[in-house]
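My notes follow, in the order I looked things up.

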Amino acid sequence: MKPYKSTDRCKIESDGIMCQPITQQDEGQYVCRARVSSTGRMDAKSIRVIVDIPPKIDSLDPEYNTIEDESITITCTATGKPVPTVKWLNKDGMDLSTQPGYNVDEISGELTIDKVGREHHGSFKCVVENGAGSDQRETRINVVRKPKIKQFYNVTAEKEGEAKLICRVSAEPTAEITITKKSSQRVFEINQQYDERIIVSLTDDEDDQVLTITIKEVMDEDDGLYVCSARNGGTAINALGHLTVEFSPVFDLMSHTPIKSWERNIVNLTCIARSIPNASIEWYSPSKDIIRDPNIERSGAGPVSTLSVRTMDNTYYIEYRCKATNKLGMKEAYMRIEQAFVPKNIRQVDFMTVTATTVTFYIMGPEDTGGLPITHYFVQYTDEKGDVKIRQWPVAGKRYNFEFAAANAVGTGPYGLLKERVMPKKDVPEEPHIDLPTNTSRAVSDYSDRMEISWQSPPDNGETIDHFSISYYPLEVREGAYQKAGELVTKTERFPNTKVLLRSLQPNTFYRVEVRAHNILGYSRPAQVVIKTLHGTVSDQQQMKVADVSLGFILGIVAAVCLVLLIVIDISCYYVNKCGLLMCLCTQVCGREHPGDKSKHGKVELGLDSEKENGGKEVKVEPYNGLNGEVNDSKADDELSLTKAEEEKLKKEPQESTPMINGDKEKEFLKESMDNDSIKNKSQLGSKSNIIAKDSPV
């Protein structure tokens with residue numbers, strides 16, 4: 001520790017150190033030492049100097065804006081030593097830490113108002129204090145009041161009268177107010193020019209703003225829903241109001257065309273009166289009692305009413321009056337019922353197409369339709385004998401008389417306009433009609449190598465069509481005309497099929513296609529069309545063939561791999577488990593079983609594998625009498641025995657670790673197995689012995 005030396009600010013005196021002014025750098029640990037010169041004794045004492053710093057407010061905005069009913073937090077930060085405490089005062093000097101609705105953090109300096117109201121609008125003071133002094137600063141809270149629409153009522157006004165839509169708004173600061181007609185989205189606001197009927201004004205009434213729309217000479221189109229909108233400080237509010245325009249009844253939704261009827265028919269006369277408020281409707285007739293007449297019935301009293309009239313006789317073909325009334329007035333509408341008749345004679349008929357069995361007519365309707373539209377035309381025809389025909393044509397080649405009539409809702413008019421015609425004899429079919437997207441003789445395919453052609457089956461001219469012939473060949477354009485440029489290809493489609501798919505066509509090529517219908521008498525005239533295929537280097541059909549070949553090749557490879565795997569597995573089963581397809585083939589062809597199959601002999605003897613070896617069928621096993629190899633078979637007439645070479649061979653063959661027959665009897669059992677092979681060999685040479693089942697012990 002170094003000795004302290006005097007400076008201009010701090011001087012060493014006889015009883016201490018005097019610093020003026022004191023600073024933060026003066027804070028620290030000081031040691032005072034003293035010595036007695038006579039005795040030489042020394043003493044020391046430590047003194048710690050702590051420098052307090054007066055508080056100073058660092059951060060506090062002069063103004064804050066907030067919205068009514070929301071919360072706000074204001075932070076007042078300060079420096080000082082020791083750490084100063086913070087308190088907040090309102091404009092009346094009251095400490096807010098003790099007031100409800102305020103939260104004050106004395107350390108962080110935060111002031112929180114949970115729900116801002118109009119009473120919070122104004123100035124607030126932040127005061128910071130510590131032992132060295134204090135500091136204070138003011139800020140202001142501006143409370144933006146959300147707009148409140150106090151008034152926007154529904155309004156009712158008479159047509160051609162005056163209507164006022166009033167929107168009263170309370171807001172701080174003042175709000176921007178508009179009124180919009182919802183159906184047309186037309187916006188009404190101050191300082192905008194509208195037609196002479198509409199005036200928009202904005203006035204202040206104490207703390208409220210009032211936007212008024214005055215509509216003079218109110219019209220029907222003014223009726224509807226309106227929206228009042230008020231916006232300030234980023235918040236908006238809407239209210240709905242309806243303007244109802246009242247008017248007297250009008251019949252603009254009705255048709256005044258006379259209604260046609262006929263004897264005993266029922267017609268409905270409907271009266272529709274549009275008005276606000278709704279009108280009541282009454283019916284009147286100059287010669288009929290609407291209420292008591294049994295043939296007249298009324299339904300509905302307004303704004304829609306229907307009068308049902310059964311026209312029993314000519315007295316009902318009169319005018320009826322509909323009267324609509326509401327508080328604004330009355331109006332009448334007239335509706336007439338007129339008598340309808342059957343149509344008059346047809347004016348003209350021409351033969352359009354005639355075949356052996358069909359006739360097509362062009363009919364010009366009657367001049368007088370009887371007051372109603374024509375619904376049907378009827379043809380009545382008779383043969384040479386005078387018999388009237390209705391549903392089918394008789395044999396071709398005969399003479400017919402045709403008469404024609406028109407019909408409407410009343411009935412069928414008189415037959416007339418006699419036409420005579422001799423039907424053609426049976427003949428080849430008519431020309432088919434090829435289906436085309438437009439009325440042209442040329443069509444473009446959607447593909448480069450194929451196209452589907454369809455047609456309509458023609459009249460058969462008395463003999464049933466049995467098939468269609470389709471011919472096509474390529475074309476090339478020479479000197480502005482199509483010329484044949486390839487071989488003719490012909491296809492046949494059986495009736496009733498009427499479409500064909502032409503394949504293996506060349507890309508970007510014209511083709512002429514001819515379709516003929518055939519019956520027993522021959523072919524019809526051809527129906528022709530020129531088609532064109534799309535551009536393409538490799539045809540879609542070739543791609544399909546390549547895809548088919550590739551798929552077939554892949555399937556073949558998969559099948560071959562599966563077959564090889566099955567053969568490998570079967571060979572493995574033959575050498576490892578003495579089973580499998582190869583084992584069965586060796587047994588059937590060679591007549592011998594593998595010497596190691598002792599366990600299976602024992603199982604068959606006991607009847608354990610009979611179902612497995614024969615697909616679930618029962619196997620008949622001959623009785624086994626001990627180990628001497630005898631079989632109870634009346635037809636077996638040879639005694640079998642093992643040769644020495646066979647016995648030696650059996651001794652050398654590997655034995656099972658756990659044989660089913662142990663000891664000396666094993667040899668006899670194996671001998672019996674060899675005897676069984678001998679019996680099989682004899683059977684193959686024509687012996688009369690029975691066929692022994694596979695794996696039988698005999």
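**Contacts along the chain.** I began with contacts between residues at least 6 apart in sequence. In the protein chain, 59% of these join residues at least 24 apart. I then looked at burial. Of the 698 residues in the protein chain, 34% are buried. For secondary structure, I found six helices and 47 strands.

**Confidence.** The model is predicted, so I checked the scores before going further. The pLDDT of the protein chain averages 78, and 78% of the residues score at least 70. Residues 389-396 have a pLDDT below 50, and this stretch has 17 contacts in the model beyond near neighbours in sequence. Residues 649-698 also fall below 50 in pLDDT. I noted 84 contacts for that stretch, again beyond near neighbours in sequence.

**The largest nonpolar core.** Which residues touch the most other members of this core? I listed Phe152, Cys167, Val169, Ile179, Ile213, Tyr226 and Leu243, out of 26 residues. The elements that give two or more residues are β14 (155-158), β15, β16 (176-181), β18 (198-205), β19 (208-215), β20 (224-232) and β21 (235-250). Strand β15 supplies the largest share, five residues. Nonpolar side chains tend to be buried together in soluble globular proteins.

Leaving out residues up to four places away in sequence, its contacts include Phe152, Ile179 and Leu243. Tyrosine 226 also touches Thr180, Lys181 and Gly241, among others.

There is a second, separate core of 22 residues. Among its members are Phe251, Cys271, Ala279 and Ala333.

**Strand β14.** I asked which residues of β14 lie on its covered face. They are Val155 and Ala157. Thr156 and Glu158 make up the uncovered face. In a regular strand, side chains alternate between the two faces of the sheet. Strand β14 runs parallel to β21, and four bridges join the two.

**Arginine 168.** This residue sits in strand β15 (residues 163-172). What does its side chain join through a polar contact? The partner is the side chain of aspartate 205, at 2.8 Å. I also listed its contacts beyond four places in sequence. They include Lys148, Lys150, Asp205, Asp208 and Val210.

**A four-stranded sheet.** The next sheet is open, with strands in the order β22-β29-β28-β25 and mixed pairing. I checked one pair in detail. Strand β28 (residues 319-326) pairs with β25 in the antiparallel sense over five bridges. Tryptophan 283 has cysteine 322 in β28 as its bridge partner.

**A three-stranded sheet.** Another open sheet has the order β36-β38-β42, with antiparallel pairing. Its edges are β36 (433-434) and β42 (499-502). Each has a single partner strand, so one side of each lacks a neighbour in the sheet. Four bridges pair strand β38 (residues 451-456) with β42 in the antiparallel sense. Glutamate 452 stands opposite leucine 501 in β42.

I finished with loops. Is asparagine 461 buried or exposed? Its relative accessible area is 4%, so it counts as buried; the cut-off is under 20%. Asparagine 461 lies in the loop between β38 and β39 (467-478). Its side chain reaches the backbone oxygen of valine 428 at 2.7 Å. Beyond four places in sequence, asparagine 461 touches residues including Thr355, Thr357, Lys426, Val428 and Glu430.

Glycine 117 is in the loop between β11 (110-113) and β12 (122-130). Glycine 117 has a relative accessible area of 9%, so it is buried too. Which residues does glycine 117 touch, not counting those up to four places away in sequence? I found Glu68 and Val143. Glutamate 70 is 47 residues from glycine 117 in sequence, and their C-alpha atoms are 8.4 Å apart in space.

Note on methods
Residues are numbered from 1 along each chain as its sequence is written. This is a predicted model: local features need pLDDT of at least 70, side-chain atom pairs count only at pLDDT 80 or more; totals for chains, interfaces and linings use all residues. Side-chain values use heavy atoms; hydrogens and water are left out. Two strands pair if DSSP finds at least two bridges between them. Buried means under 20% relative accessible area, exposed over 50%, partly exposed in between (1.4 Å probe, protein chains only). Contact means heavy atoms within 4.5 Å. pLDDT is the predictor's confidence in each residue, from 0 to 100. A polar contact is a pair of N or O atoms within 3.5 Å; within protein, one must be able to donate a hydrogen and the other to accept it, and residues adjacent in sequence count only if both atoms are side-chain atoms. A nonpolar core is a set of buried Ala, Val, Leu, Ile, Met, Phe, Trp, Tyr and Cys residues joined through side-chain atoms within 4.5 Å.
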